[in-house]
Amino acid sequence: MAIFLFCLSYWIHRSFGQPDLAQIAYHLNFGVEMIGTVDPVITWRFVRWCLLAPLIFLALLYYAERRWLKVIAKTPQRNHPLLYRLHRWFPQLLVLSATMFWMSDVSAFKYVTADFGPDYFGANYVRPEAVTIEAEQPKNLVLIYVESLEQSYSNSAVFGRDLLAPLTDLRGASFRSYEQVAGTGWTIAAIVATQCGVPLERVTIFDGNTQGQMMDSFLKNAVCLTDLLAQRGYRNVFMGGAATAFAGKDKFLGQHHYHEVYGREEWLKSGVSREDMNGWGLYDADLFARAKAKLRELSASRQKFNLTLLTVDMHEPKGHLSAACAQRGFKGFDGVVSCTAAEVADFVRYAQDNGYLEDTNIVILGDHLSRKNPLTHQLSKLSGRTIFNSFISKQAPQPNRAQLLHFDMLPTILEFSGYAVPNGRMALGYSAFNQHPIQPPKDRMAEMDQSLMNRSPEYMALWSDPDDH
């Protein structure tokens, strides 16, 4: 057990960076279902470091133990009690040290004590269904989530050039401090936080009786962005490169009024070969080619729409450089970043050049800060890292501040899309567009750091009804 814990920690750090127990606990709900949906590189690393390596270390320890017993036998008799006591207690000490290391590494104490702190969520959550939203000049929406895209990649002093130059040149409205807080630091958590205005917290790991019911649905009592848009006649379409089944993404999309969902399995059924995919699924260049066709189709229908896209090429640990990007001279992980930026910008230019921005606005968001990748060493030198964001419109509303959190995106995107949100408040978010009498408290991030992930009956009620228990 001790050897496994040390090896598991090494695998997590090497593949994803600093571990987050909330993220680990969330993914445990899906168990072996995830094996067929992740990048094989990550799976092979798990096999190597969490299955094979512990067996090798165990064999070495067994050999060392045999040698140690022989050493004891050759020592004077008076030393035997102490040496045998050390031999007897060594396994327990190893397990204890591994357990303490693991608990410290993943901040387990804070995770466990969350059951006893103040209910930040219940005190600050504004139910979206209780907010009267007014249509002013409703627009279609294209919402692009770019895997691990942070603003830091534009720092020429660190990387020698602006790796995001094509996106920088779009000159969309943006917020200088789009920051990451607890419960938002991985892809499905970021999607939930930006569309529902809530963090992704643990819901089932301490209650096996409700796990099945809760994970068969996904925030079934929460009203999210796409629910509100569907109520107003929008057609919601999701297109991503990876498998939609990964981490329950398909459950979320199905629960919250996405009318069309496309992921790796759908692309395979459409005729794309596995040889033309990366470990996660469709390359970004191929995704955007299909997104252009879908944009044409949706625009021609004359029905209001939301087209949500999710890229994969920049996913840790090493990223995925497509043949199309390599042919254009990109190489290395910095080439993956630059090529992804170029692909996103090309899609936006296509929309601009073909007149779609007359009635369609585009939002480009990094889903979360980058984790473990080949540029982590350079990124770690920077303080105050923030997530990339850009709002593309012929006439964007006026920003009201520089700082933005994931939860703020729900009212912010609604107002960017031509709707008025009274006081700018919805869920845990505050709209960052237009002037509102209520602004986020100055100590909001500090309070969230202390209490956001605390157990909340109101949050739990978003996942299940009382008769589900």
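In the predicted model, the largest nonpolar core comprises 66 residues, and V198, F252 and L414 have the most contacts inside it. Helix α9, spanning residues 187–196, is the element that gives the most to this core, with six residues. Another core, of 44 residues, lies apart from it, and L282, L287, L307 and L357 are among its members. In soluble globular proteins, nonpolar side chains tend to be buried together.

Helix packing was considered for α14 (residues 284–301) and α16 (residues 332–353), whose axes come within 10 Å and cross at roughly 15°. Because angles under 35 degrees count as roughly parallel, α14 is roughly parallel to α16. The crossing of these two helices, α14 and α16, is right-handed. On the α14 side the contact is made by D284, A285, F288, A291, K292, L295 and R296. On the α16 side T340, E343, V344, D346, F347, Y350 and A351 take part. By residue type, the contact of α14 with α16 divides into eight nonpolar residues, one polar residue and five charged residues.

Backbone geometry was examined next. Most residues other than glycine have a negative phi, and most peptide bonds are trans. The peptide bond from E316 to P317, however, is cis, with omega near 10°. P317 is placed in the loop between β6 (305–310) and α15. Helix α15 covers residues 323–327 and includes A323. A323 has a relative accessible area of 51%, and since exposed means over 50%, A323 is classed as exposed. The C-alpha atoms of A323 and D276 are 9.1 Å apart in space, while the two residues are 47 apart in sequence.

Positive phi values occur at S148 and N434, neither of which is a glycine. For S148 the angle is about 55°, and the residue is found in the loop between β2 (140–146) and α7 (156–159). S148 has a relative accessible area of 1% and is therefore buried, the limit being under 20%. For N434 phi is about 65°. N434 is found in the loop between β12 (429–430) and α19 (444–451). With a relative accessible area of 27%, N434 is partly exposed.

Key: Residues are numbered from 1 along each chain as its sequence is written. This is a predicted model: local features need pLDDT of at least 70, side-chain atom pairs count only at pLDDT 80 or more; totals for chains, interfaces and linings use all residues. Side-chain values use heavy atoms; hydrogens and water are left out. A nonpolar core is a set of buried Ala, Val, Leu, Ile, Met, Phe, Trp, Tyr and Cys residues joined through side-chain atoms within 4.5 Å. Buried means under 20% relative accessible area, exposed over 50%, partly exposed in between (1.4 Å probe, protein chains only). Helices (H or I, at least four residues) and strands (E, at least two) are DSSP runs, numbered from the N terminus. Axes are lines fitted to C-alpha atoms, for helices over the stretch in contact, and angles run from 0 to 180 degrees between N-to-C directions. Angles under 35 degrees count as roughly parallel, over 145 as roughly antiparallel, 65 to 115 as roughly perpendicular and the rest as oblique. A crossing is left-handed if the near helix is turned anticlockwise from the far one by less than a right angle, and right-handed if clockwise. Contact means heavy atoms within 4.5 Å. Ala, Val, Leu, Ile, Met, Phe, Trp, Tyr, Cys and Pro count as nonpolar, Asp, Glu, Lys and Arg as charged, and the others, Gly among them, as polar.
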